[in-house]
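Thanks for making time for this one. I would like to walk you through an interface between two chains, and I will give the cut-offs as we go.

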Amino acid sequence: MFMKNCWYVAAWSHELKDNALVGRTLLNEKVLLYRGHDDNVVAIEDRCCHRGAPLSLGRLEGNCVRCMYHGLLFDGTGACIQIPGQERIPPNLKVKSYRVVDGGRLVWIWMGDPALADESTIPDFPYLKNPQWHGIPDYLHYDANYLLIADNLADLNHIAYVHPNTLGGSEKYAYESEQVPMERLHDGFRLTKWHMNTDLPPFVKKIERKVTKVDRWNTSQMKVPGYFFLESGFSPAGTGIREGNRDGVIEFRNFQAMTPETDGTTHFFWIYMHNQTKDIERTAHSLHDSILEGFYEDKVMIETQQKVLDADPSFTLKAIAADAPLSHLRWLIEKRIKEEAVTA
Amino acid sequence: MFMKNCWYVAAWSHELKDNALVGRTLLNEKVLLYRGHDDNVVAIEDRCCHRGAPLSLGRLEGNCVRCMYHGLLFDGTGACIQIPGQERIPPNLKVKSYRVVDGGRLVWIWMGDPALADESTIPDFPYLKNPQWHGIPDYLHYDANYLLIADNLADLNHIAYVHPNTLGGSEKYAYESEQVPMERLHDGFRLTKWHMNTDLPPFVKKIERKVTKVDRWNTSQMKVPGYFFLESGFSPAGTGIREGNRDGVIEFRNFQAMTPETDGTTHFFWIYMHNQTKDIERTAHSLHDSILEGFYEDKVMIETQQKVLDADPSFTLKAIAADAPLSHLRWLIEKRIKEEAVTA
Amino acid sequence: MFMKNCWYVAAWSHELKDNALVGRTLLNEKVLLYRGHDDNVVAIEDRCCHRGAPLSLGRLEGNCVRCMYHGLLFDGTGACIQIPGQERIPPNLKVKSYRVVDGGRLVWIWMGDPALADESTIPDFPYLKNPQWHGIPDYLHYDANYLLIADNLADLNHIAYVHPNTLGGSEKYAYESEQVPMERLHDGFRLTKWHMNTDLPPFVKKIERKVTKVDRWNTSQMKVPGYFFLESGFSPAGTGIREGNRDGVIEFRNFQAMTPETDGTTHFFWIYMHNQTKDIERTAHSLHDSILEGFYEDKVMIETQQKVLDADPSFTLKAIAADAPLSHLRWLIEKRIKEEAVTA
């Protein structure tokens, strides 16, 4: 069961270039994404209504796509507009189409009732379009339900144990960091953790060699169904960052979107950005590679966790205090799913 | 659900040589095929009645096969005739046996009630035994239900889209070719398509370099449950082939048999033959390799189609005019299955 | 359905060294095995009660193990004794623990009601601890239910057909060997087979070149749920071994334990021992390698058998006389399972 009346990330915009026909399962539905010659992005069912052949094995013709099994041609609304060797086209020969928005960097899709699609509710992460922030967009595929990835992000204490040599650093992060009370939002939460007078984590040491002890902060915001926005920074320890002194601050911005592929698999779109003015490309690559290394640590843990849970559906998880944010997020999602069921 | 009271191809006859014990699942049943030392072909259950070991892991002894787990010996009727270390053989120690006919090139098997087996109903494709026709018999395994392969063959328009660079040629085949009305048969259909004044398809260009424009015809006959016979030819364009002038004609004969392995997999036996008198071997190999290349194009499409259908059992296909032959074939098969249920 | 109120082999003791955290599924339950710094072996649930992460991906700390997802620390009783960043520990934060006995060479586990665990019922194979007997302990993983392996061992006639070139030798073993009537035990059976004046089997020929014709005996004892003890020997043919003359005797001792991993997979622990006083290491390696070669022959047969049985749950096996021991063993196991159900 997924929220459907909401926007999901379907693709990075740059994936839809060079006439690419991107077939991608989203929320258990087979979707074809492409950019027509008129530059508009189209999302239609990736399954020919005739014999079920994937249209992503087809051929882009202008703004249309031709099934390369028997040659049926479909336009961007999903209507069949040509059947080779047949004059009349039955009106029921059409495939499902989806509301889709090309947001410039990301392609957003509305998987629910198109009549309810409201572009003003597309999640906004302003740093994505800000030219002062630099990063390398990337994608991971997870053999796990998207909520397990959201859980992971909702409790940053895990960086002390999963990522000691990459994103975390000292295990003290789990003991000594000070968490500002969670700000409950109608569609998620905002959370800030401070860790004063700590070591630079390994991934920052690779790009910053002068400072060693820092005051570190992470402000994460999560939104239903699966968005994570992180603003993080490092200030030379004891120079008064909490009082407003920003001398020598290093900052990062991080966007992660989890789109369910199936009940047990997830598309994971991410970018980690810096705003340094020197070594822009080199720093972006270093951060990308470090974060990816950390993500692979998460992937092992989360995919194993999924297998453990799958093996025994009777197992019930037991909460600790740090689970409050993830519980809030899961509660919001369940509420939204129930509301959708009532509406439908 | 399969038709059972009919003949299926179990193997090419040449597979049963050198004492081979061929274990093959047919219609979800495990069957052992072998040629005894008396030269008769035997088909019995490939599962020892004692502990379930496959007899195909056994040893041929004369006309019998010994299970190489505990040494039980079975004759060609499926009866156990020896138990090492035990005098008396209980009469229930036997495995199922099947009616089987060695047709010379093909081994035919009757999977249903042996009392109803009628050898006169074995499908006949006379070119298979005609020494003037030359081809290389081969086999493909499909991860798809046999009906999806039959569908593919029942609408030759697919060669325009799936096989433009191998078996098809011009996409005009799907638009311009003239189809003679389907001849409905009690056990299948016959269909002829003419494509006048077209380019030689790539697979024929490899063996014929003089002619470029041709009049092309395909006469296909399909029989339940899964047989395809094709008579096809190419005449220099405009020389009057439809009026009977056969000067310069190039002709082929093609046999394909689909035998269900399981509900989702199929054994596919095929041969593509020519009757040229020069370069016999080279031409046969060229045709074999070209057709196989084309079959791999089909395989990708059909196996992907099977995955798409499996992923959503609620999906219903929508027919176009060209589906009349495949609909007729499926209707005949369903009728036969219902008749078998009534009889049983 | 497995017997639970009994001892199973969980591991070779030497597997739990160098701070190893061994995660192993036993009877469908995920178990973590380790040796604490106090040298005691611990068996607890390999699944953190918080979010289901495997504790075997964790870190040994003294006699405790720390989950390396969020840092919860568990002691050897399964109790959570530390939550990073949280003072109070809810009493329900614990994982299941198992009764476990470090038997010196083997680690034994009781998967049922701990209150019923009785160490005096641990199966005893005295040769395992006798320094005069030498062998190399090893492990195989089977994709088959443990009962199929037990069946295999319960009828040694299979060595004539499965192992003619390794453990068996002459096929006459299945015809000529003399079986002493099975001794039915309350927890298994004991069985002796004599084969007089036969060839040395291939695996013994590799270590003994002087004798060719021997009198061979195998005394096997099997115990529920899955234990096999074999005492076997070879005496120069006709020198009166059955009358007590032991001149020139070569003897072996063999221990095999089958512990269900899941319904369809098994842990198989084994050791094959000799008591020769020369070439001790070389002989042990030769025997290990020969037996392993034979076990791979069994593995192919048994895993294929499992696939055949899985493919058709309606198939029923038919017994022969040699099945009496395996039938007795299966009957005992079913009786015990029923008794456990009544008790619980």
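**The interface of chain A and chain C**

Chain A and chain C bury about 2,300 Å² between them, with 59% of it on carbon and sulfur atoms, where buried area is the accessible area (1.4 Å probe) that two parts lose on being put together, summed over both. This is a predicted model, in which local features need pLDDT of at least 70 and side-chain atom pairs count only at pLDDT 80 or more, while totals for chains, interfaces and linings use all residues. Residues are numbered from 1 along each chain as its sequence is written, chains are lettered from A in the order in which they are written, and side-chain values use heavy atoms, with hydrogens and water left out.

Counting contact as heavy atoms within 4.5 Å, 27 residues of chain A meet 25 residues of chain C.

Turning to specific pairs, the rule finds 3 salt bridges across this interface, a salt bridge being a side-chain nitrogen of Lys or Arg within 4 Å of a carboxyl oxygen of Asp or Glu. One salt bridge joins Arg51(C) to Asp151(A), with the closest N and O atoms 2.5 Å apart.

As for the side of chain A that touches chain C, α5(A) gives the most to it, with 6 residues, helices being DSSP runs (H or I, at least four residues) numbered from the N terminus.

Finally, the symmetry: chain A can be laid on chain C with an RMSD of 0.1 Å by a turn of 120 degrees and a shift of 0.0 Å along the axis, superposing by least squares on the C-alpha atoms of residues with pLDDT of at least 70 in both. That is the relation of a three-fold axis.

Key: Helix = DSSP H or I, 4+ residues; strand = E, 2+ residues; numbered from the N terminus.
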